[in-house]
Amino acid sequence: MSLYDILPAISTSFIAISAILVAIGWSLAIKRKLEAHKKVMLAGAVAALLFFIIYMCRTIFVGNTDWGGSDEMKPYYLTFLFFHIVLATVGAVFGLTTLTLAFRNRFAKHRKWGRITSVVWLFTAVTGITVYVLLYLMYPGGHTKPVFDVLFGGA
């Protein structure tokens, strides 16, 4: 198995773990088990960060994956992918904001942001897992050149 095959599975696993931890952490907050909530949410943030690091390394050194399905489905896939990218970007910014509010002990704002952030992150995870299923399980495609090769003319 190559890096092309294994890294997407690993990174998608981390995003799934992150979503599960966020759901558990949200439940703990509702139950007012705040110390456990903090630990679980930090673990969820670490899982999301590990996803991002693996994703960026794969993009830079291995390359992205091209759509492998039919040309008729490609516009639908790209629209879905765009929706996922927007959600992921918003989720990341909201996540950092929510964590910052917690660390600054601004819990009233943290609660307000946290509700929205959790929902956005859960949708981000679901759409990210769907992208993985589409690109690697249902319609396996090829992959493009690593970013370094594109930028600097590698082989």
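This passage describes the fold, the confidence and selected residues of a predicted protein model.

The model is predicted, so local features are reported only at pLDDT of at least 70 and side-chain atom pairs only at pLDDT 80 or more, while totals for chains, interfaces and linings use all residues. Residues are numbered from 1 along each chain as its sequence is written, and side-chain values use heavy atoms, with hydrogens and water left out.

The protein has five helices and zero strands. Helices (H or I, at least four residues) and strands (E, at least two) are DSSP runs, numbered from the N terminus. Along the sequence the pattern reads α-α-α-α-α. The C-alpha trace spans about 55 × 35 × 25 Å along its principal axes. Mean pLDDT, the predictor's confidence in each residue on a scale from 0 to 100, is 91 for the protein. A score of at least 70 is reached by 95% of the residues. Among the elements, H4 has the highest mean pLDDT, at 95. Helix H5 (residues 147-152) has the lowest, at 69. Where pLDDT is low, the predicted coordinates should not be read in detail.

The accessible surface comes to about 9600 Å², by the Shrake-Rupley method with a 1.4 Å probe; for residues, only the protein chains shown count as cover. Carbon and sulfur atoms hold 73% of this surface. Of the 155 residues, 34% count as buried. Buried means under 20% relative accessible area, exposed over 50%, and partly exposed in between (1.4 Å probe, protein chains only). Contacts (heavy atoms within 4.5 Å) were also sorted by sequence separation. Among those between residues at least 6 apart in sequence, 73% join residues at least 24 apart.

Ser18 lies in helix H1 and has a relative accessible area of 1%. Beyond residues up to four places away in sequence, Ser18 touches Gly44, Ala47, Ala48 and Trp121. The side chains of Ser18 and Trp121 are joined by a polar contact of 2.9 Å. A polar contact is a pair of N or O atoms within 3.5 Å; within protein, one must be able to donate a hydrogen and the other to accept it, and residues adjacent in sequence count only if both atoms are side-chain atoms.

Thr124 sits in helix H4. Its relative accessible area is also 1%. The side chain of Thr124 reaches the backbone oxygen of Leu87 at 3.2 Å. Apart from neighbours within four places in sequence, Thr124 contacts His84, Leu87 and Ala88. Thr124 and Ala29 are 95 residues apart in sequence and 21 Å apart in space, C-alpha to C-alpha.

His110 is another residue of helix H4. It counts as buried, at 15% relative accessibility. Leaving aside neighbours within four places in sequence, His110 is in contact with His37, Thr98, Leu101 and Ala102.

Positive phi values in residues other than glycine occur in two loops. Phi of Arg32 is near 65°. Arg32 lies between helix H1 (3-30) and helix H2 (34-62). It is exposed, with a relative accessible area of 52%. Phi of Asn105 is near 60°. Asn105 lies in the loop between helix H3 (74-103) and helix H4 (107-138). At 55% relative accessibility, Asn105 is likewise exposed.
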